[in-house]
Amino acid sequence: RIDGFSTCVALDELWICECRVERIDGLDECVNLEKLYLYSNRIEKIEGIGHMRRLKTLWLNDNRIETIEGVWSGLGELRDLNLALNSISCIGDSLGCLTELESLNLSNNPLTS
């Protein structure tokens, strides 16, 4: 859990890297975030970001994420997505709703399709 951000409603950029974070939880009030960097943690599941409608940059590289299906609803403004160095094996149609996406890094994942 990420604590201490309930009063940070104006926050537009947040870096929490190399902190052993296991879950994306506790950022409910951060509705104005445009850039979120959570790389080099222990995150296994992408969750707790669907309310961040203004999010343009999301870095979740170097975590323990295995699946990316059904997590992108509400993130139509996302332009830069870094998911490198995870355990993602399948992409499928999971990124289809990210119509504004300009940069996608999936390096060093065991992709099969």
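User: Happy to dig in with you! Where is the place of E69?

Analyst: This is a predicted model, in which local features need pLDDT of at least 70 and side-chain atom pairs count only at pLDDT 80 or more, while totals for chains, interfaces and linings use all residues. Residues are numbered from 1 along each chain as its sequence is written, and side-chain values use heavy atoms, with hydrogens and water left out. Strands here are DSSP runs of E with at least two residues, numbered from the N terminus. E69 sits in the loop between β3 (57-59) and β4 (80-82).

User: Is E69 buried, partly exposed or exposed?

Analyst: Buried means under 20% relative accessible area, exposed over 50%, and partly exposed in between, with a 1.4 Å probe and protein chains only. The relative accessible area of E69 is 40%, so E69 is partly exposed.

User: Which residues is E69 in contact with, leaving aside its neighbours within four places in sequence?

Analyst: Contact means heavy atoms within 4.5 Å. With those neighbours left aside, the residues that E69 contacts are C90, I91, G92 and S94.

User: Let's move on to the segment after β5. Which side chain does the side chain of S107 make a polar contact with?

Analyst: S107 is found in that segment and is partly exposed, at 44% relative accessible area. A polar contact is a pair of N or O atoms within 3.5 Å; within protein, one must be able to donate a hydrogen and the other to accept it, and residues adjacent in sequence count only if both atoms are side-chain atoms. At 2.7 Å, the partner of the S107 side chain is the side chain of N105.

User: How far apart in space are S107 and N86, C-alpha to C-alpha?

Analyst: Not counting residues up to four places away in sequence, S107 touches A84 and L85. S107 and N86 are 21 residues apart in sequence, and their C-alpha atoms are separated by 8.6 Å.

User: Is N109 buried or exposed?

Analyst: N109 also lies in the segment after β5 (103-105). Its relative accessibility is 14%, so N109 counts as buried.

User: Nice! At what distance does the side chain of N109 reach the backbone nitrogen of I88?

Analyst: Leaving aside neighbours within four places in sequence, N109 is in contact with residues including S87 and I88. A polar atom of the N109 side chain lies 3.4 Å from the backbone nitrogen of S87. For the backbone nitrogen of I88, the distance from the N109 side chain is 3.0 Å.

Notes. Helices (H or I, at least four residues) and strands (E, at least two) are DSSP runs, numbered from the N terminus.
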